Amino acid sequence: MAVRNILGYPSTDLGTLCQCDKVNKYSRFRPGYWYVDTSGNLAFQRPQGGGYSDPRGADTNGISVQAYKLGDFRGYNHDAASPSLNTGSDLYEVTLASGQGGKNVNVEVVFNLGEVDWFGDETQYHGRNNITGAYDTIYAARKTGTAGFVIVGSCNKNDLEKSGYQARTPITVSLFANASGTTAYTLIFGLGYAGKAYAWFPEELTLKLTVLSGAIIIVRVLPEALVGLKSKLSLTPLDSSNISQILVYGGEISYTSAVISATFTNLSFIARMASGNEYMFTALRLAATGTVYCYSGPYNASGSVLKSQQDFNGLMAASGQGTYNFGVSLPETANDGEYFYVDIKEFTTGTISAVQI
């Protein structure tokens, strides 16, 4: 009865429940297994009953692993997420300054593997997959045409960021950014070894590189803002590790005409924990203090000089689930080619809610 309720499926027949398409195949423990099909793609096989042979053999009681067993739901997570990019979705957008256009750029993407054991370390039959143990690397590739691909980055399994059953892999990919406008790439990820991928994940993820001209305004969260922030964050679910970084999304805009203030309408903050887990701020309001700096070019570029600076004390109101409106005055009128860095040094909000993505 409990399994039926969790699945939301109107049946009490065990075989029907084990084969039900309501079963989340991305749970680490579930009936069935992942394997590599004849096209080189990762695919999921639902149990077919005890009369079928299973490439994984029999369980410790000598019963075919294909048999319908209620114990296969032990540890089942109906809310397990499918693989995804940094943002928890299938889209990741990166804004680049005009000087980065027309050349190859390196961009870190974080591929969330979820909780499935893709490398075959699990010994329990209801969590083990029919995937060779030779695979030791996650590869990122960009699609070329309908079937082609080019490897653009990789991460060894020993470098995965893990927390419990959750795992994610940071991969730096090298891609070409057009001189202006937006360049979109379809990325796929696969398991393999020795520089070659053999088993591809079914998800296709989009990475967009947008080159901006004019004055560039960039929101950053400085490392000093992490001091004291942990005590303010209310994490769901809990994570006892320290905060290693605050990632900012939607925090880069450009103005081609002179302005004295900047407004962000879709700003979000992601806390990356030392465990590798990431949490999106969801508080209704955020307050922050810091400084806006104006540079003649990218702050770390040769010849770039600091022109002016101005402190701010700003309040951000939620514009959606996990997104915020934020306006800030600039220390001087923005001109073409200048860079303004809105550096948050402290979140002064008392309690900040955040949920795992």
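**Figure 1. Residues lining the largest cavity of the predicted model.** Arg30, Pro31, Gly32, Arg56, Val65, Asp72, Tyr125 and His126 line the largest cavity in this predicted model. The space within the largest cavity amounts to about 30 Å³. Sorted by class, its lining comprises three charged, three nonpolar and two polar residues. A search of the whole structure for cavities of 30 Å³ or more finds one. Rolling a probe the size of a water molecule over the atoms shows where empty space is left.

Figure 2. The structure contains zero disulfides. A disulfide is a covalent bond between the sulfur atoms of two cysteines. Cys18 is buried, with a relative accessible area of 0%.

**Figure 3. Helix H1 and strand S18, the elements of lowest and highest confidence in the protein.** Helix H1, residues 2-7, has a mean pLDDT of 74, whereas strand S18, residues 285-295, reaches 96. Over the protein, the average pLDDT is 88, and 98% of the residues score at least 70. Where pLDDT is low, the predicted coordinates should not be read in detail.

Terms used. Residues numbered from 1 in each chain as written. Predicted model: local features only at pLDDT ≥ 70, side-chain atom pairs only at ≥ 80, totals over all residues. Heavy atoms only, no water. Disulfide = S-S within 2.5 Å. Buried < 20%, exposed > 50% of the residue type's maximum accessible area, 1.4 Å probe, protein only. pLDDT = per-residue confidence, 0-100. Helix = DSSP H or I, 4+ residues; strand = E, 2+ residues; numbered from the N terminus. 1 Å grid on protein atoms, 1.4 Å probe; cavity = no way out; pocket = protein on both sides within 12 Å on 5 of 7 lines; lining within 4 Å. Points joined across faces, edges and corners; volume = space filled by probe spheres on them. Nonpolar A, V, L, I, M, F, W, Y, C, P; charged D, E, K, R; others polar.
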